[in-house]
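Hi everyone, thanks for making time for this. I'd like to walk you through one structure, and please keep the picture in view while I talk.

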Amino acid sequence: MLLHVFLIIISLSWLFPIGWALFNSFRDYNFTAANGYFSFGGFTLDNYANAWARGDFTRTFLNSVIITVPAVLLTLVLASAMAFVLARFSFKLNLTLLGVFLAANLLPAQALLIPIYRAYRAIPLPEWISDSGTMLNSYLGLILINSAFQLGFCTFVLSNYMKALPHELYESAEVDGASVWRQYWQITMPLCRPALAALATLQVTWIYNEFFWATVLLQSGDKFPVTSSLNNLKGQFFVDYNLLSAGSILVALPPIIVFFVLQKQFVSGLTLGATKG
Amino acid sequence: MRTSDKIVVGVMVAIPLLFVLLLIWLPAVSSIILGFTRWEGIGGLDTIQWIGLTNYKNIFTIYPPFWPALQHNLISLLYLFIVSAFGMFIAVLIDKELRGSRFYQTALYLPVVLSLALTGFIWQLIYSTDQGLLNAVTGLKIDWYGDAKYNLWAVLVATGWQHAGYIMLLYLAGLKSVDPALREAAAVDGANQVQTFFQVIFPVLRPINLIVLVVTFITALRWFDIVWIVNKGRNGLEIIAALVTQNIVGEASRIGFGSALATIMLVISSVFVVIYLNVVMREAK
């Protein structure tokens with residue numbers, strides 16, 4: 001009984017900050033300014049309409065999609081190819097290769113900032129890929145760095161998953177004369193669907209939430225994804241917290257929906273990396 | 001193996017490898033090299049001057065934010081360890097398959113899916129001087145995000161709120177895989193629940209413990225988004241990750257100096273990279 005009381009208090013206090021933002025996002029600024037936040041009433045939907053317009057959410061959500069979807073697909077294709085080779089064949093360098101990928105995943109992004117920033121500034125891109133003319137301030141640059149950073153984790157998880165598949169699978173494939181590509185694309189990949197789904201769920205959330213690279217590599221506001229554009233809602237001289245709440249809820253909604261709809265994939269994705277199986 | 005298969009395997013390895021080498025390892029090595037130079041970033045690579053360890057000497061002696069930043073990173077590390085222990089504690093309680101454990105789990109886990117930057121915004125509604133909940137309840141007039149005396153702790157509380165659920169989840173997965181026979185044996189031997197946990201279960205969870213150790217280290221070292229949102233890492237919120245960024249983004253362009261700071265981060269991170277690789281490689285073999 002005591003245990004339940006304790007856990008309920010903890011749970012409610014954990015939910016509280018989100019609940020508080022949700023509650024105030026539906027309240028009129030003038031009402032809370034006059035009556036304080038410790039009040040009830042002044043309910044309105046205006047904050048959402050205002051936040052949507054001021055935060056330019058139509059554009060920033062689109063930017064998030066433009067960055068997240070290709071980055072996740074690229075990560076999964078590259079990671080699964082690498083993982084397949086690591087799991088299917090044994091070379092002397094197998095463990096070293098896995099180490100190269102896995103360690104890359106752990107390096108702090110800031111430690112790579114300066115060379116990446118300078119290199120991106122110096123690499124020209126044709127106008128039709130990037131209107132800035134360089135990798136800096138382009139969607140492509142952001143997609144590539146996000147993928148590179150997530151590759152290690154995905155490769156590790158997928159290679160563990162593939163190693164657990166029965167080896168007879170490949171023996172009979174060899175007998176049938178199936179090429180390596182067929183073994184990868186038509187035999188292994190369909191069997192990896194659960195792991196791929198779990199990773200995709202996780203990666204969509206992570207890349208959508210990514211803040212550092214988007215902040216430093218995109219300089220013009222028109223390419224910012226949702227997460228790094230919340231600053232638009234802060235006025236120069238004062239902050240309308242009800243507006244900010246509405247904006248925060250809008251930004252929080254996609255990952256929360258993903259979490260509730262795909263909870264199983266989400267949780268298994270996270271723990272796949274930590275435990276085996 | 002057929003020649004065509006060899007080519008396919010080569011390509012399947014080469015492209016991902018090139019990605020990681022060019023976008024992660026090459027920049028990491030470049031940071032280390034640039035740390036020994038002075039370069040304002042104007043003009044070509046030939047304008048780079050080699051200055052040996054001068055950047056490091058300057059960082060340690062005449063760069064005021066460095067020592068506070070290191071201290072703040074250490075405080076955040078200690079604090080996040082306490083939060084991790086709390087996450088483990090909650091996992092142990094929930095693991096008993098109580099009624100409602102699903103609800104507790106979801107409540108603690110929900111903040112994990114949000115970005116740390118967004119966490120900063122959500123907590124602003126609690127910390128604001130004039131309109132924040134905390135001052136309204138306590139009657140204080142503190143600028144929790146602005147005042148250098150309090151802002152580190154304010155930001156840490158918000159970070160802990162986000163971190164705990166992740167650790168809880170890792171331990172829940174670990175606890176589920178513990179052989180029930182172990183608990184039964186401990187119960188037969190007359191061990192109480194606390195003894196059973198610390199003497200039987202906790203040692204079995206060694207791989208998870210090491211992973212959590214590394215995750216906590218990385219979170220403390222990479223800790224950045226929320227600090228950048230609050231005040232770009234100044235006035236009480238200096239951290240090494242923000243110092244690196246300040247030296248390159250905006251007007252300042254002290255490439256050599258910033259790279260030396262970045263190298264310090266790399267050196268610190270290499271410690272737990274080695275720990276982590278040891279754990280997972282042993283399992284992979």
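**Salt bridges and the interface**

Let's start with one pair in chain B: the side chains of B:K176 and B:D95 form a salt bridge, at 4.0 Å from N to O. By salt bridge I mean a side-chain nitrogen of Lys or Arg within 4 Å of a carboxyl oxygen of Asp or Glu. This pair ties together distant parts of the chain, 81 residues apart: B:K176 belongs to helix α7 (residues 151–176) of chain B, and B:D95 to the loop between α3 (66–94) and α4 (101–109) of chain B. Helices here are DSSP runs of H or I with at least four residues, strands are runs of E with at least two, and both are numbered from the N terminus.

Before I go on, a word on the model: it is predicted, so local features need pLDDT of at least 70 and side-chain atom pairs count only at pLDDT 80 or more, while totals for chains, interfaces and linings use all residues. Residues are numbered from 1 along each chain as its sequence is written, chains are lettered from A and ligands numbered from 1 in the order in which they are written, and side-chain values use heavy atoms, with hydrogens and water left out.

Back to our pair. The cut-offs are under 20% for buried, over 50% for exposed, and partly exposed in between, with a 1.4 Å probe and protein chains only.

How many salt bridges does the structure hold over all chains? The count is six. Another of them joins B:R2 and B:D5, at 3.4 Å from N to O. There, B:R2 is partly exposed at 43%, and B:D5 is buried at 6%. In chain A, A:D56 pairs with A:R59, with the closest N and O atoms 3.1 Å apart. A:D56 is partly exposed at 33%, and A:R59 is partly exposed too, at 39%.

Now for chain B as a whole. Its secondary structure comes to 13 helices and two strands, and its C-alpha trace spans about 75 × 75 × 35 Å along the principal axes. Of its 285 residues, 53% count as buried. Taking contacts (heavy atoms within 4.5 Å), 66% of those in chain B between residues at least 6 apart in sequence join residues at least 24 apart.

Next, where the two chains meet. The contact takes 95 residues from chain A and 93 from chain B. The area buried between them is about 8,500 Å², with carbon and sulfur atoms giving 79% of it; that is the accessible area (1.4 Å probe) that two parts lose on being put together, summed over both. A:W14, A:L106 and A:I114 supply 9% of the area that chain A buries against chain B, more than any other three residues. Helix α1 (residues 2–25) of chain A gives the largest share of the side of chain A that touches chain B, 16 residues.

Thanks, and I'm happy to take questions.
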